[in-house]
Amino acid sequence: METIIVIVFLAGYLAITLEHNLKIDKLIPALAMMAILWALIALGIDGYENWFDSAHQSLVEGFDKFGHLDRMHMMEESLLHHLGKTAEILFFLLGAMTIVEIIDYFDGFATIKGFIKTKQKGKLLWLFSILAFILSAIIDNLTATIVLITILQKVIKDRETKLWFAGMIVITANAGGAWSPIGDVTTTMLWIANRVSAGQLVLHVLLPSLVCMIVPVVIASRFKVFKGLIDGELDEEKSKSKYSGVMLYLGLGAILFVPIFKTVTHLPPYVGMMLSLAVVATFAEIYSNKKFSISSVDQEGQDSEGHHSPVHHSLSKIELPSILFFLGILLAVAAMESLGILFNAAGALNEAIPNTDIVVLLFGLGSAVIDNVPLVAASMGMFSEPLDSPLWHFIAYSAGTGGSMLIIGSAAGVVAMGMEKIDFFWYLKKIAWLAFAGFISGAIVFILLRDFVLHG
């Protein structure tokens, strides 16, 4: 039965990886794989010799002597445990996504365009790169990429130049997301699972991520495409709402408050995110009521100007397919973990490649081909290192930045590909080597810093 389970897992993994070729949204194989894996476990529960207790990160002693009812009870407890841990991540992401959508409802991101005052391509490259690096650490690399490419489309008209800028935004946004507990889904997973703490993650991964951003930008700034001035005039675009600036800074501040809340209260991060969402939503409702007249309300609760709750509007814009994908893939990996398969795989991998640095670098290279979410989820089941072990910091860096090497290797790359119609092979030829240069440079810096701290 375990062989069948591994085959189902690999088949589902392959379907997720080939999402664009199969033209099937990755959430479908993720959900199907999750349901089938747990069904197979339930049907064959009496035939398994090992069971991994995720709560205590150890194999259950004497599991082979358990009766049928005890085994079923153990499985139900494990599934409930994994569902709870997955729900923490999903509700955290739902809160963050809603805050970002509320900011967008008030056209808050238009405020960022006000920072763009120059027409020199070289300066614009650094400006977009720095904005991507900082924004992605706060609102995550996917959202930062969407915001900056939207601004890019209004600033630069030449298609070839736009493609180059979009490629560099992908690299720098992924680099920015890797050092922040709220900057990438994978770092959020590691943070919520108590593999890393916010302060230590920033302390150990910020400099390598910064190098990962700077090296490609320094190299690219010497290219002809980033010389000279952009065509046309910089449009002075006014925000659609007078509260745009307030909501931008309130929303970003509320998201940044979450790690502080966790540090002070020791409560799970989603609790702090729900509090932040409640505060932002309160101001959104107040400002929305000021913006629109509420004197003429129709039967559906909307006034004649089409006013409705900005919170309800923002919730309707959330990417539910992504949430369902995370649910499917995390519980699918949990099934593999519960049977001890990932635990055994870690042992085999350590025997084959004793150097964990090489293993983690391979994770980074693999994340360019395979989605980094299941990779990191698998690594969490494979290794049992304590909180803030250098291994977890290195995994956060590698999984977060390695995906930049292919346009389909990260959520930021996929969304840039869609927004700018970037050709896979164009990116592979022009941008991939820059991303690799940044990835390796940052990895070397991480290893040197770690060894310096450990060995003095």
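Trainee: Which residue forms a salt bridge with D357, and how far apart are the closest N and O atoms?

Mentor: A salt bridge here is a side-chain nitrogen of Lys or Arg within 4 Å of a carboxyl oxygen of Asp or Glu. D357 forms one with R450, and the closest N and O atoms are 2.7 Å apart. Before we go on, keep in mind that this is a predicted model, where local features need pLDDT of at least 70 and side-chain atom pairs count only at pLDDT 80 or more, while totals for chains, interfaces and linings use all residues. Residues are numbered from 1 along each chain as its sequence is written, and side-chain values use heavy atoms, with hydrogens and water left out.

Trainee: Where do D357 and R450 lie?

Mentor: Helices are DSSP runs (H or I, at least four residues), numbered from the N terminus. D357 lies in helix 16 (residues 356-366) and R450 in helix 21 (residues 432-455), so the pair ties together parts that are 93 residues apart in sequence.

Trainee: Are D357 and R450 buried or exposed?

Mentor: Buried means under 20% relative accessible area, exposed means over 50%, and partly exposed is in between, with a 1.4 Å probe and protein chains only. By those cut-offs both D357 and R450 are buried. R450 also forms a salt bridge with D451, the closest N and O atoms being 3.1 Å apart. D451 counts as partly exposed because its relative accessibility is 30%. Together, D357, R450 and D451 are linked in a network of salt bridges.

Trainee: How many salt bridges are there by this rule?

Mentor: The count comes to four. One of them joins the side chains of K85 and E88 (3.9 Å, N to O).

Trainee: What describes two packed helices?

Mentor: The angle between their axes and the distance between the axes. Axes are lines fitted to C-alpha atoms, for helices over the stretch in contact, and angles run from 0 to 180 degrees between N-to-C directions. For helix 1 (residues 2-17) and helix 3, the axes come within 9 Å and cross at roughly 175 degrees. The two are therefore roughly antiparallel to each other, a term for angles over 145 degrees.

Trainee: Which residues of helix 1 and helix 3 make the contact?

Mentor: With contact meaning heavy atoms within 4.5 Å, helix 1 contributes I4, I5, V8, F9, G12, Y13, A15 and I16, and helix 3 contributes P29, A30, M33, I36, L37, L40 and I41. These residues divide into 14 nonpolar, one polar and no charged. In this scheme Ala, Val, Leu, Ile, Met, Phe, Trp, Tyr, Cys and Pro count as nonpolar, Asp, Glu, Lys and Arg as charged, and the others, Gly among them, as polar.

Trainee: What is the phi of K23, and where does K23 lie?

Mentor: Phi of K23 is near 55 degrees, a positive value in a residue other than glycine. K23 sits in the loop between helix 2 (19-22) and helix 3 (27-43), and at 72% relative accessibility K23 counts as exposed.

Terms used: Parallel < 35°, antiparallel > 145°, perpendicular 65-115°, else oblique.
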